[in-house]
Amino acid sequence: MSLVHRVLHPVPVTSFDQYLRIRGGEGLRAARRRDADAIIDEVAESGLRGRGGAGFPTGRKWRTVRANRSHLVPASVVVNAAEGEPGTFKDRTILRNNPYQVLEGALIAARAIGADQVIVATKHAFTTEIARVRGAIAELDSAGWCDGVTIDVFEGPREYLYGEETALLETLDGRYPFPRIAPPYRRGVRELVTARAALTSASGLSARVAMAGPAAELAAPPTLVDNVETLANVPRIVARGAAWYRTLGTEASPGTIVCTITGATRRAAVGEVSFGTPLREIIDLVGGGVRPGRRVAFVLPGVANGAILPSGLDTPVTYEDLARRGSGVGSAGFMVFDDTADPVAVAAGVSRFLAVESCGQCTPCKFGGLRVATLLAQLARSAASASDHGVLRTVLGSVDDGARCSLASQQRTAVGSLLDAYPDTVRAHLSGAAPAREPEPIAELVDIVDGRATIDSSQISKQPDWTFSEQWSGKTPAARLGEHRTGGGSDL
């Protein structure tokens, strides 16, 4: 197999005129000739699934949002461009390469669900992508594409949880990026004034740390949140049909996937492949293969799924095949570790990242996660006892109790998979036979330039209260920010 170019064009699309020359706009024109149900049916039949990590069927999501729309206020479309999964750089690459297709996909989605606004929710640190998107919006508006739909860019905080769908909506509604308990569809962006007042008086906290519940009584419109890559696929599906989209990929995982390869490879890079391409081949195609003289020890698909061992390198990258391996596609950010890596040190790094980024609404997630991270760091340094290991396993097994989002289960899954796969290494650290290692730095990617990936080095000094103070305050972000919140917005 070879790289493909459905979403990630071989030559960056730098102008609206250039986009038109490669048949840009055909999807939007086709959508305007159809009713909403026909558009949603086409997307559903294509088998397109969300590329943000969960892999939820896109057509089903659109249909649910439309079915629960408010008759008082139009719905909204939010483009989730808050990429922050360690090892992932595909959404920023797509926006740099061709933002027009993402915006066209969002306009089609707006027509399908009856929305009159699109919000591209990104991080304020993504200055290159923000400039590209704002420029593309201006061109689309001048060309008359928006047709009653406003498109805006929201520059959000750096926090990992900001990319979680409900936390993103909380932030758009003027609060902090703390996940909420959500119904099957997401309300947000346009809460009614009476709904805001009712929730504020009921909670007694201006910070609204308790967050929204199912909210069926609020009459606020549902919001469609879709990932950058998801929406980039929509224009061609609507223009060329579901059958065309299915000419690549597999029956259950049709189409293509944009992958990021980093770590112990000849180069760090982003590339698009057909679903069903074996992971080993993706590492070769995109990353140039493992570094000379080394072999792959394991691969982590971000920090949300289980590790993939050498025996799984020939597994086709599909939702179903990786799930059978105890892992998953996630956001297709594959961090490759070679035989010089210490899996316990990597587990410690993953655990610390997740524990620090936990918001603290759920006590087992925050404090259990921090306990796991501390014990793993001791184990990596060969300074843990057998009883410490027993406590580690016990706490790890309950870290996701009562969790309102998936972060705690990520801790349990990703960390647990490494400990289960390398019991000999764990025993060697317990006995002192293994050399002491510091936790592996695990953090968001800042950029990939000339085949080299740069991670956010500030993550190493970030405290569990989301500050960069010399010492942790002992408070969770939810508690710290809830104490002094006096109004809308975020000081993150």
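A residue is called buried here when its relative accessible area is under 20%, exposed when that area is over 50%, and partly exposed in between, using a 1.4 Å probe and protein chains only. The structure is a predicted model, in which local features need pLDDT of at least 70 and side-chain atom pairs count only at pLDDT 80 or more, while totals for chains, interfaces and linings use all residues. Residues are numbered from 1 along each chain as its sequence is written, and side-chain values use heavy atoms, with hydrogens and water left out.

Overall, the protein contains 19 helices and eleven strands; these are DSSP runs (H or I of at least four residues for helices, E of at least two for strands), numbered from the N terminus. The radius of gyration is 22 Å, close to the 23 Å that the globule rule gives for 492 residues, so the protein is as compact as a globular protein of that length. This radius is taken over C-alpha atoms, and the globule rule is 2.2 Å times the number of residues to the power 0.38. The C-alpha trace spans about 70 × 60 × 35 Å along its principal axes. Of the 492 residues, 58% count as buried. Among contacts (heavy atoms within 4.5 Å) between residues at least 6 apart in sequence, 74% join residues at least 24 apart.

We can turn next to strand β2 and its neighbours. Strand β2 (residues 115–123) has eight of its nine residues buried, so this strand is largely enclosed by the rest of the structure. Two strands are said to pair if DSSP finds at least two bridges between them. Strand β1 (residues 75–81) pairs with β2 in the parallel sense over seven bridges, and Ala 75 stands opposite Ala 115 of β2. Strand β3 (residues 150–156) is also a parallel partner of β2, over seven bridges, with Thr 150 of β3 as the bridge partner of Gln 117. Together, β2, helix α7 (residues 127–142) and β3 form a right-handed β-α-β unit, meaning that, with the strands pointing away from the viewer, the path from the first strand over the helix to the second runs clockwise. In the loop between α7 and β3 lies Asp 147, whose phi is near 45°, a positive value in a residue other than glycine. Asp 147 is exposed, with a relative accessible area of 58%.

Back in strand β1, Asn 80 counts as buried at 12% relative accessibility. Not counting residues up to four places away in sequence, Asn 80 touches several residues, including Asp 91, Ala 121, Gly 163 and Asp 226.

A further sheet is open and has four strands in the order β7-β6-β9-β8, with mixed pairing. Strands β7 (269–274) and β8 (296–301) stand at the edges with a single partner strand each, so one side of each is left without a neighbour in the sheet. Strand β6 (residues 256–263) pairs with β7 in the antiparallel sense over six bridges, and Val 258 has Glu 272 of β7 as its bridge partner. Strands β8 and β9 (residues 333–338) are likewise antiparallel, over five bridges, with Leu 300 partnered by Met 335 of β9. Six of the six residues of β8 are buried, so β8 is largely enclosed by the rest of the structure.

Finally, Asp 450 sits in the loop between β10 (445–449) and β11 (452–455). Asp 450 has a positive phi of about 55° although it is not a glycine, and this residue is exposed, with a relative accessible area of 76%.
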